[in-house]
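Hi everyone, thanks for making time this morning. I'd like to walk you through one model, piece by piece, so please have a look at it with me.

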Amino acid sequence: MAEFSSNGPASRMSLGRALSQPSLNLIETNDVSPTGVQLHPRRRRKLSSCSSVENEPVASPFADESRVLVINTGGTIGMTLHDNVLAPKANALVRSLRKLPILHDELYAQQTSMYEYYGSENSLVLPLNKLNKRIIYTILEYSPLLDSSNMTTDDWGRLGKDIEKNYENYDGFVILHGTDTMAYTASALSFMCENLGKPIVLTGSQVPIYELRNDGRDNLLGALLIAGQFVIPEVCLYFFNKLYRGNRVTKVDAGSFNAFSSPNLAPLATAEVDISINWDTVWRANTTAKFQVSTELNRNVGLLRLFPGITSSTVRAFLQPPMQGVVLETYGSGNAPDNRPDLLAELKKATDAGVIIVNCTQCLRGTVSASYATGMVLMDAGLLAGGDMTPEAALSKLSYVLAKKELSLDAKKKMMAENLRGEMSANLDGAKLCLSDSRFIQVIAKSLSISCKEELEAIRNALTPPLACAAAKIGDIEALDALREMGSNLCLGDFDGRTPLHIAACEGHFKLVQYLLSHGASVHAKDRYGDTPLCNAVRFRHKDVVKLLRRTGAHFSREQMEEAGTELCSLAASGDIDGLEIWILAGADLTTLGYDGKTAVQVVGLRKTCFVLITSFRSQKSNVSFRLSQAEAAGRKEVVAFLVQLIGNKSMNGESIEFSAIPTEI
Ligand SMILES: NC(=O)C[C@H](N)C(=O)O
């Protein structure tokens, strides 16, 4: 049998702990439960691993597994030679990866019934890594596989939809993609993915993975390790040991493994002896809104590069309708000839007619500014300054913004000037409050005789997560604000991976949860026991916090859902309607099987179940149609029928349900 790593004794209640409650007598080592229900081998193994010593909780043997969806779009990484040219080869990647021990541990897969459990031939598992984690990845291969030169905005839309569809089932996403247009796809996805909370990592290679010497294996492995281990809520690009923000990169070398550059932003992470994440640079969606993908893109956009002697007729032809948005690649810090009234007149005519023209530099590095007269003339012609955006980012941003039909032209222009996903540096001159400005850190540094920047940083990194957690415990927003101004990252966890959001969720500090979410805290952060802030809020029954976290996109994983089955039955058995209600608000399904194959509905009886459902409908109206369809999908015809009869809604359309008509007692 494979060795399962344990996280050691848990010091507090976790979801997994429900399984080891002695009063529930859940120790099950046989294939068949007491009620004769066949348990899946993975769940059986999990249940049998529960401690037989009373009150000693044992972490789930699978708590240290994470899941990554790999979408293979094509590119050199999966190409083979045919008639002396490279072209993508279909249905070959999974077979080949299965034979590579650094990318697949067959023994573990067999012993844990992984293929059966995930129901996919295309699932693989990485060997145990340094952080004691297993990354299970499933490959979704597109057909046909494409050289990225053949990709269009439709392919970006397909990627967006697939990520949206699978978002809740995976911890992170890897996209295998050709390098030629990878910077465009990465930029476009960064805008399309609104309120992203999980990592999406694009990678590929310069030499096919099937060749003896290649960069594909390292790139794929690095991308998987990052997507499976770190909650970096960005569309990123991983290549040659570096993780970049996707909308900051450009392909700079066709013949080197070091093919990409991010000239205006340092890498988000470097994979050297250790993978070190530059958390201060990681971009976070500061909202309490749910993840969604906007697949609408406007194709009437283009890139125009200035060159000495360009004719006004070329410019005029390029700016003709249906063109709606153009990135003008200018000289140096955003300059164009100021002695060419013919050219400037064409630009002005177009902007007056409603074409949005963004000024970006042709230089690899740097930003546009209005420091020269030759730059000012473009402002006068109505161009927008593109800051230090790459042309790839500016073009895909235009395509995304122009597709927003509900916005006026002015609103679109305003949006173009805003920093939406970290694609531009907001204020290059704005000095950030630095570490050494903090009196608190200074005092500690002085008493320890420390003065160098690296040591100061090490102190900050060690001290601030527990300090932020302490502030979260007592609901002290001011203290958190002070820590944040000092340059501390409020999303980092303490030694147990518990973030301030976990603590605030346990304590039920609603305002503080709101504050943290609006400052980039992640609802997907898992502590060392695999618990998210949502698990904590449920455990400590903070209804309003549960609702807020759900609105922000928090959800249970499949494993947590399955564990919930037993907890729900236990609550049902003890008649704890309040307890059941909070689980439902958190997204649990009353038809989930408990340890012995019974559901909470069966334990509590139909009439009471309906009462619980109705109570939760009352507090979460938008969930009505979802719950009904869930009950329907689960084949709980009697529940559905009873509800429909009860609320008099024959159409089953949740939106039209009259809540005041629902009796409070059944
Ligand atoms: N290295 C590569 O992947 C180049 C290839 N032509 C592509 O972009 O699909």
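I'll go through the domains, then the ligand, then some strands and a few single residues.

Two bits of housekeeping come before that. This is a predicted model, so local features need pLDDT of at least 70 and side-chain atom pairs count only at pLDDT 80 or more, while totals for chains, interfaces and linings use all residues. Residues are numbered from 1 along each chain as its sequence is written.

Let's start with the domains. The assignment gives domain 1 (65–293), domain 2 (301–417) and domain 3 (435–510); such bounds come from an automatic or database domain assignment. The centres of domain 2 and domain 3, taken over C-alpha atoms, are 43 Å apart.

Helices (H or I, at least four residues) and strands (E, at least two) are DSSP runs, numbered from the N terminus.

Residues 496–528 are 48% helix and 0% strand, with end C-alpha atoms 5 Å apart. For residues 529–561 the figures are 61% helix and 0% strand, and the ends lie 15 Å apart.

Now the ligand. Which residues are around the ligand? They are Gly75, Thr76, Asp147, Ser148, Ser149, Gly178, Thr179, Asp180, Gly204 and Gln206. Being near here means that the C-beta atom, placed from the backbone, lies within 6 Å of the molecule. By class, this shell has eight polar residues, two charged and no nonpolar ones. For that count, Ala, Val, Leu, Ile, Met, Phe, Trp, Tyr, Cys and Pro are nonpolar, Asp, Glu, Lys and Arg are charged, and the others, Gly among them, are polar.

On to strand 8, residues 200–203. Ile200 and Leu202 point one way, Val201 and Thr203 the other, and all are buried. Buried means 20 or more other C-beta atoms within 10 Å of a residue's own, exposed means 12 or fewer, and partly exposed is in between, with C-beta atoms placed from the backbone.

Strand 8 runs parallel to strand 6 (residues 172–176), joined by four bridges; two strands pair if DSSP finds at least two bridges between them. Phenylalanine 173 is opposite isoleucine 200 there. Three bridges join strand 8 to strand 9 (residues 235–239), again in parallel, and valine 235 is the bridge partner of isoleucine 200 in strand 9.

There is also an open sheet of four strands, in the order 16-17-18-19, with parallel pairing. Strand 16 (301–305) and strand 19 (384–385) are the edges, each pairing on one side only. Strand 17 (residues 325–330) and strand 18 (residues 356–361) share six bridges, and valine 326 has isoleucine 357 as its partner in strand 18.

Last, two single residues. Serine 256 is in the loop between strand 11 (250–251) and strand 12 (260–261). Why is serine 256 counted as exposed? Because it has 11 C-beta neighbours inside 10 Å. Phenylalanine 510, found in helix 17 (residues 510–517), is partly exposed, because 18 other C-beta atoms lie within 10 Å.
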